[in-house]
Amino acid sequence: MMSLTGSPLTAFACSSCERCAQHMDPWFQLNQSSTAEILPCADPRCHRGCGNRNLATSNAPCEYEQRYAEGSSIRGWWFEDVVRAGSQLIGRKMMGCHSEEKDIFSTLKANGILQLAPGISDTLLAERDADVIAVCLADYGGIVTMGGPNWSFHRGRPKYIKMKQRMNSSIFAQGRSEILVPLTSISIGWHVVPIHGETTVESGTTRTYFSSSAYDSIRKHIESFCRHRCGLLTAKRSCWITKRLQYFPALRMNFGHTFRWAPSAYLYARRPGGSWMLHQELIFDFRQGRLGVVPAECPRHFARPIEVLWDMNSQVALRCV
């Protein structure tokens with residue numbers, strides 16, 4: 001899974017894991033890599049990975065543990081190895097071998113998590129102009145471009161809003177990275193729901209979360225709008241059943257600039273996907289501290305992609321499914 005926020009590490013299931021699930025790929029065979037080196041507690045880069053075990057001078061593996069808000073977690077130990085993306089040599093990088101996966105991580109097809117954001121850690125593509133990362137998600141798959149936006153998909157000009165990156169200084173700390181933007185209100189038809197303060201843009205979460213009062217107000221106004229338009233049926237507490245999705249209202253989100261949030265994005269049918277990020281390209285410009293948003297025809301991928309694309313301008317494009 002690609003991560004620009006949340007986890008400060010790149011890590012995946014390894015063959016030594018005793019409490020890992022089966023994923024789409026076999027577990028990584030660390031003992032078959034002639035270039036892999038396990039990071040020991042005695043390594044000065046292991047700031048907090050040995051806990052209170054007084055192992056600061058030992059060869060015991062330097063460990064990590066990452067917990068997430070919904071209750072899932074991963075833990076394991078650090079190693080260093082040579083990394084390639086397609087035919088391109090990236091170099092020696094720090095990564096993690098899972099020794100335990102809990103809750104959501106044990107149900108995922110993906111073998112692990114790939115941290116791309118600069119400044120959080122020694123990311124895998126740090127030398128590839130990865131301080132500008134563009135993410136274009138369709139309802140199935142999409143494309144991620146390091147180095148700048150992918151103009152060929154755009155249906156308009158990007159609008160930029162101020163973006164703040166808040167992070168932990170150590171890749172071994174038990175913290176998280178956040179990308180913060182100012183959200184002031186959400187409009188549904190003529191109704192305006194005020195939102196005060198900053199909100200987090202999260203690349204690894206399917207749903208969009210609001211305070212209870214804001215959520216209740218947004219839902220009430222959507223249901224009021226749809227009373228005679230959407231053929232609306234309420235099922236259970238958080239689901240709507242309809243065959244007239246196109247009649248649901250678009251939400252207008254005010255970040256200083258106003259962006260349209262289409263019903264085909266904020267409503268989804270039993271499938272994963274970053275709901276606010278669908279059908280537009282988000283340009284994470286860490287260099288200038290800004291986030292660009294533009295409607296886009298993002299490419300769809302139903303089969304699993306296997307290649308990394310390199311263009312003439314040294315940008316990197318990762319196809320995602």
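**Exercise 1. Check the length of helix α1 (residues 212-226) in this predicted model.**

Solution. Count first: helix α1 has 15 residues. The expected span is 1.5 Å times one less than that number. At 1.5 Å a residue, the helix should therefore span 21 Å. Now compare: the end C-alpha atoms are 21 Å apart, which agrees.

**Exercise 2. Which residues of α1 are buried?**

Solution. Apply the cut-off: buried means under 20% relative accessible area. The residues that pass are Ala214, Ser217, Ile218, Arg219, His221, Ile222 and Cys226. Now recall the helix geometry. An α-helix has 3.6 residues a turn, so residues three or four places apart point the same way.

**Exercise 3. Describe the link between cysteine 17 and cysteine 20.**

Solution. Start with the sulfurs: they lie 1.9 Å apart, within the 2.5 Å cut-off, so the pair is a disulfide. Next, the handedness: 85° about the S-S bond makes the link right-handed. Last, burial. Cysteine 17 has 6% relative accessibility, so it counts as buried. Cysteine 20, at 14%, also counts as buried.

**Exercise 4. Which parts of the chain does the disulfide of cysteine 46 and cysteine 62 tie together?**

Solution. The S to S distance is 2.1 Å. The angle about the S-S bond is 90°, and the link is right-handed. Both cysteines lie in the loop between β3 (37-38) and β4 (63-67), so the pair ties together parts 16 residues apart in sequence. Cysteine 46 and cysteine 62 are both buried.

Conventions. Residues are numbered from 1 along each chain as its sequence is written. This is a predicted model: local features need pLDDT of at least 70, side-chain atom pairs count only at pLDDT 80 or more; totals for chains, interfaces and linings use all residues. Side-chain values use heavy atoms; hydrogens and water are left out. Helices (H or I, at least four residues) and strands (E, at least two) are DSSP runs, numbered from the N terminus. Buried means under 20% relative accessible area, exposed over 50%, partly exposed in between (1.4 Å probe, protein chains only).
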